[in-house]
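Below is a note for a colleague who has not looked at this structure before. The points are numbered and can be read in order.

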Amino acid sequence: MSDAAAFLDPVTLAVLKGRLEQIVDEMDATLYRSAFNPTIAEAKDACHGIYDPVDGGTLVQGSGGLPIFVGAMAFAVKAVIDKVAKEGGLEEGDTFLFNDPYDGGTHLNDFRLVRPIFRDGELFCWMASVGHWLDIGGNVPGGYNPKAVESFQEGVRIPPVKLFSAGKLNGDIIGILEANSRVPTSNWGDLNAQLNALDLGERRLKDLLDEYGDGTIATAFDAYSDRAEAMMRAAIRAIPDGTYSFEDVLDNDGITDDMLTVALDAVVSGEEMTLDFSRSSPACHGPINISRSTTVAACYVALKHVFTDVPANAGCLRPIDVKIVDGSLLGAGPPKPVAGYTETILRLIGVVFGALAKADPNRALGGPFGTINALSIAGHRTDGSRWVLFSFFGGGLGGSPVSDGLNHANNPISTATIPPIEILEAAYPVIFRQWALRPDSAGPGVHRGGVGAVYEIETMTPADVSLLGERGKAAPFGVAGGGPAALNRFGWTTEQGMVSPPNVSKITGVHIDKGGRVRLETPGGGGWGDPHQRDPDRVARDVRLGFVSLEAAREIYGVVLDGEGIVDRDATQRLRNEEVA
């Protein structure tokens, strides 16, 4: 650890921290307000940051960027640094573009722009932008191909290339991107929005450097990273030394209907921690593999959830060693398909929660709903133009030692929000016939999980449908005696009625006619603690609100309600005593 913090007083450090974070927040806001694609503009599936000039480590992130990107972008910047080290030719005004999921990426839809920031002819730092583009080719509109067995079936893969060289646009790259998307106008709008965000961030950062001096800001960067490292080491020291193991499963890979394992042995020794995923399944045929960089980024997200006070920069990972087997489910390389990376990192984050809960039961959380349910619906409007709806959906989070889980929440990987009905219906020829909370979907407990949701969507044109989801076989787990949540369910209308995928949570090649519907019922979160210890009045409230049915109140919670929904305390006590006996 350096003594950088000694060179700046705490007040100056705090002021600069706020100024730097505001720069990145303003970059986020610029992109959200100008992107064409609702997944960025409304769902905020994007991120910006400032990165170390030598190793690409995260120096500053904003408050609203997608957490998984914060960790992954450091690898993306490092990929550009390595390219420059090998090929040379870095100039002021350069901007690199790429989406390679194996070289600092996540999946092909996430396009990264990386720009060097120079001061007096010397590289000072890097700035970067990432956003989820709507469609980048491949077999399935929207890119989430649940039947992909190699990345070529998921879309076009672009290695780090110079989009701008010394400030001059390479129009040939624009032509390649345009030719490889079903909705090139949407991607063009998103690209320009990201460029505008970088332009603004560069101006704001240079203004700050002019005001305080390059040396002062560089010293502050070192101090922030050292502070994050010290806080993470202190948090680890508070955990008893030992090995804490946990594992969970994925439904299947979309190709073969066999479960896959994500297994963790977390080893705590003093102020350092090893996250060993060596027991996890080997790489699979289908699209739920992830690369090494994505695995490390997901560990970062999980640890930030557990140790909430630790600042979010590269320093917090210095005491952490992540062990991944090359060629495994969590260390896949090209051309293994990775479109469904979100499903795997959600399971990975869950096992980190589970392992650390064994180390400290006060941190135990019921499993979150654990799937984004990546849904793609695509067709042609009456004027012949192409439309592609891609969206992800919410569910319940797990109960905790202090509270119920959140209802209809975002997943732990994300601060992204579900696009509003009004936006989706205005942008695409669809009608949401139902958007509601799902009764009896929460895992029961002293503190129940949050409830999931029900979505039913009708199309106004013929359409093709694909889904890449999870939690159709293995429900979100309960802890400390709490119960599991409901399973994920998906179906679509046919002449024979509503049918479901053979592989439960993954399907492509579905065609529905105009007026056809798809229906998604998402899981809740796992419960915390024995449900028979839940306050009967809280159970009665859940019944009144429609979260829990009368039958579940009696059979699972042991609570008897009268005809007016009031707790019959004598009958409840007798029932609970009978259950114990």
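1. Start with Asp45. In this predicted model, Asp45 is buried but takes part in no salt bridge. Its nearest side chain of opposite charge is that of Arg112, 8.8 Å away. A salt bridge requires the nitrogen and the carboxyl oxygen to be within 4 Å.

2. Where is Asp45 found? Its place is the loop between helix H2 (38-41) and strand S1 (46-51). Leaving aside residues up to four places away in sequence, Asp45 touches Thr39, Ile40, Leu66, Phe69, Val130, Gly131, His132 and Phe392.

3. Salt bridges are found elsewhere in the model: the structure holds 39 of them. One joins the side chains of Asp257 and Lys473, with N to O at 2.5 Å. Asp257 sits in the loop between strand S8 (242-250) and strand S9 (260-269), and Lys473 in the loop between strand S16 (463-468) and strand S17 (489-494), so this pair ties together parts that are 216 residues apart in sequence. Both partners are partly exposed: the relative accessible area is 36% for Asp257 and 28% for Lys473.

4. Arg448 and Asp542 form another salt bridge, their closest N and O atoms being 3.0 Å apart. This pair also links distant parts of the chain. Arg448 belongs to the loop between strand S14 (430-437) and strand S15 (453-459), whereas Asp542 belongs to helix H10 (residues 536-545), and the two are 94 residues apart. Buried or exposed? Arg448 counts as buried at 4% relative accessibility, and Asp542 is buried with a relative accessible area of 2%. Both values count as buried because the cut-off is under 20%.

5. A further salt bridge joins Glu470 and Lys506, with the closest N and O atoms 2.7 Å apart. Glu470 is in the loop between S16 and S17 and Lys506 is in strand S19 (residues 506-512), so the pair ties together parts 36 residues apart in sequence. Glu470 is buried, with a relative accessible area of 0%, and Lys506 is buried too, at 1%.

6. Now the chain as a whole. The secondary structure of the protein chain comes to 12 helices and 20 strands. Its radius of gyration is 24 Å, close to the 25 Å given by the globule rule for 581 residues, so the chain is as compact as a globular protein of that length. Along the principal axes, the C-alpha atoms fill a box of roughly 80 × 60 × 40 Å.

7. Among contacts between residues at least 6 apart in sequence, 74% join residues at least 24 apart.

8. The chain has 50 positive and 75 negative charges. How many Å apart are the mean positions of the positive and negative charges? They are 2 Å apart.

Key:
Residues are numbered from 1 along each chain as its sequence is written. This is a predicted model: local features need pLDDT of at least 70, side-chain atom pairs count only at pLDDT 80 or more; totals for chains, interfaces and linings use all residues. Side-chain values use heavy atoms; hydrogens and water are left out. Helices (H or I, at least four residues) and strands (E, at least two) are DSSP runs, numbered from the N terminus. Buried means under 20% relative accessible area, exposed over 50%, partly exposed in between (1.4 Å probe, protein chains only). Lys and Arg count as positive and Asp and Glu as negative; His and the chain ends are not counted. Contact means heavy atoms within 4.5 Å. The radius of gyration is taken over C-alpha atoms; the globule rule is 2.2 Å times the number of residues to the power 0.38. The place of a charge is taken as NZ of Lys, CZ of Arg, CG of Asp or CD of Glu.
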